[in-house]
Amino acid sequence: EFQVLADEHGNVVHLGERECSIQHRHQKLIEESPSPMMTNELRQEIGNKVVQASQAIEYQNAGTMEFLFDQQGNYYFIEMNTRVQVEHPVTEFITGVDLVEEQIKIARGEGLSIKQEDLKSKGHALELRVYAEDAMDNFLPSVGKLEKYQLPHGEKIRVDNGFEEGIDVPIYYDPMLAKLITYGKNREE
């Protein structure tokens with residue numbers, strides 16, 4: 001998926017891609033950027049098409065355009081999400097752009113504060129979704145008391161979290177407990 005920002009003044013930028021191939025029950029489990037399969041040439045080609053398509057429909061907001069790739073490397077547009085997605089911190093880490101802040105500025109009628117030529121991707125970011133699921137029972141949601149729950153911490157580690165140790169995990173919601181977002185100078189780090 002390619003992140004895009006577009007304002008009412010005709011300014012449109014793409015902020016590169018997020019790789020979201022690892023999924024479970026149509027939910028993304030791991031998101032990362034840059035994609036290990038993407039070349040700079042392909043990134044530029046698809047990025048240009050994302051910008052052109054956003055301009056053609058006079059899009060205004062933060063959003064993403066999603067693509068599927070076949071084994072031969074051909075890509076196919078599948079959908080556009082017209083909102084900030086759960087995995088936006090991955091793009092924020094590698095670009096230094098606060099997507100939510102930009103989205104608010106767009107909604108207020110302001111122009112984008114960035115231009116395409118100013119955007120530089122740096123480093124590598126991963127987002128891992130942490131679920132309460134029972135691996136021994138076909139990964140069905142697991143409810144009950146969260147008896148042991150220790151969050152990682154440190155530089156370049158972000159946890160978006162709605163739970164704490166001792167709380168009950170309810171059956172009424174998605175079993176996602178948290179999102180763990182990490183950043184390093186490269187994928188290995």
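Does His-26 count as buried, partly exposed or exposed, and at what relative accessibility? I looked it up: His-26 counts as exposed, at 77% relative accessibility (buried is under 20% relative accessible area, exposed over 50%, partly exposed in between, with a 1.4 Å probe and protein chains only).

**Ground rules.** I noted that this is a predicted model, where local features need pLDDT of at least 70, side-chain atom pairs count only at pLDDT 80 or more, and totals for chains, interfaces and linings use all residues. Residues are numbered from 1 along each chain as its sequence is written, and side-chain values use heavy atoms, with hydrogens and water left out.

**Positive phi.** I then checked the backbone of His-26, a residue other than glycine, and found phi near 65 degrees. His-26 sits in the loop between strand S3 (19-24) and S4. Lys-156, also not a glycine, has a positive phi of about 65 degrees. Its place is the loop between strand S10 (144-145) and strand S11 (157-161). Lys-156 counts as partly exposed, at 39% relative accessibility.

**Cis peptide.** I found a cis bond from Ser-33 to Pro-34, with omega near 0 degrees. Pro-34 lies in the loop between strand S4 (27-33) and helix H1 (40-56).

**Aromatic pairs.** I searched the whole structure and got five aromatic pairs (rings of Phe, Tyr and Trp, the last by its six-membered ring, with centres within 6.5 Å; planes under 30 degrees apart are stacked, over 60 edge-to-face, the rest tilted). Phe-2 and Phe-67 form an edge-to-face pair, 6.3 Å centre to centre with 85 degrees between the planes. This pair links distant parts of the chain, 65 residues apart: Phe-2 is in strand S1 (residues 2-6) and Phe-67 in strand S5 (residues 61-69). Phe-2 is buried at 2% relative accessible area, and Phe-67 counts as buried at 17%. Ring pairs link Phe-2, Phe-67, Phe-69, Tyr-75 and Phe-77 into a cluster.

**Whole chain.** I counted three helices and 13 strands (DSSP runs numbered from the N terminus: helices are H or I with at least four residues, strands E with at least two). The C-alpha trace spans about 50 × 40 × 35 Å along its principal axes. Of the 189 residues, 40% count as buried. I also took the contacts between residues at least 6 apart in sequence, and 60% of them join residues at least 24 apart (contact means heavy atoms within 4.5 Å).
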